[in-house]
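Here is a short note for someone opening this structure for the first time. Please keep the 3D view at hand while reading the points.

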Amino acid sequence: MSMTVRTHDDESVYQLLEDSASKVAIARGVLETVRFLEKGKARMVLVAANVEPSERLNVVRSLCEQKGVTVVMVSDKVKLGTAAGLEVGASCVALPVVLPL
């Protein structure tokens, strides 16, 4: 069973992600995140709340539920992408570790 968590301090989550992205392999975006989940590599998935249409993330949420992976909602896809090392936004990011939130 997965758990969805809404953070109260997104900036600290973005900072933790930025620090982690240089140390461990992460998946950025829906396609990479789905692959990470299917291979059993994901322990935590960060999902941006401002993704349109939000249905794009249904497959990610469903896989997280099936695999028992924690989902953390953050506010902004642009900040999420930047923290993940991208020059564009990211709707979701999967991590092989659980961030200490």
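Predicted model: local features only at pLDDT ≥ 70, side-chain atom pairs only at ≥ 80, totals over all residues.

1. Start with strands 3 and 4. Strand 3 (residues 44–48) runs parallel to strand 4, and five bridges join them.

2. Which other strand pairs with strand 4? Strand 1 (residues 4–6) does, over three bridges. The sense is parallel here too. To locate the pairing, find V5, which stands opposite V72 in strand 4.

3. Are the residues of strand 4 buried or exposed? Five of the five, residues 70–74, are buried, so strand 4 is largely enclosed by the rest of the structure. In a regular strand, side chains alternate between the two faces of the sheet. In strand 4, T70, V72 and V74 point one way. V71 and M73 point the other way. Both sets are buried.

4. Turn to helix 1 (residues 10–21). Helix 1 has twelve residues. From first C-alpha to last it reaches 16 Å, close to the 16 Å expected at 1.5 Å a residue.

5. Which residues of helix 1 are buried? They are D10, V13, Y14, L17, S20 and A21. These residues cover an arc of only 130° around the axis, which puts them on the same side of helix 1. What covers them? The list includes strand 1, strand 2 (27–28), strand 3 and strand 4. Helix 4 (77–83) and strand 5 (92–95) are also part of that cover.

6. Last, check the charged side chains. Side chains of opposite charge can pair when their charged atoms come close. How many salt bridges are there? The count comes to one. The side chains of K79 and E11 form a salt bridge, at 3.1 Å from N to O. This pair links distant parts of the chain: K79 lies in helix 4 and E11 in helix 1, 68 residues apart.

Note on methods: Residues numbered from 1 in each chain as written. Heavy atoms only, no water. Buried < 20%, exposed > 50% of the residue type's maximum accessible area, 1.4 Å probe, protein only. Helix = DSSP H or I, 4+ residues; strand = E, 2+ residues; numbered from the N terminus. Pairing = 2+ DSSP bridges. Expected span 1.5 Å × (residues − 1). Arc of directions from axis to C-beta. Contact = heavy atoms within 4.5 Å. Salt bridge = Lys/Arg side-chain N within 4 Å of Asp/Glu carboxyl O.
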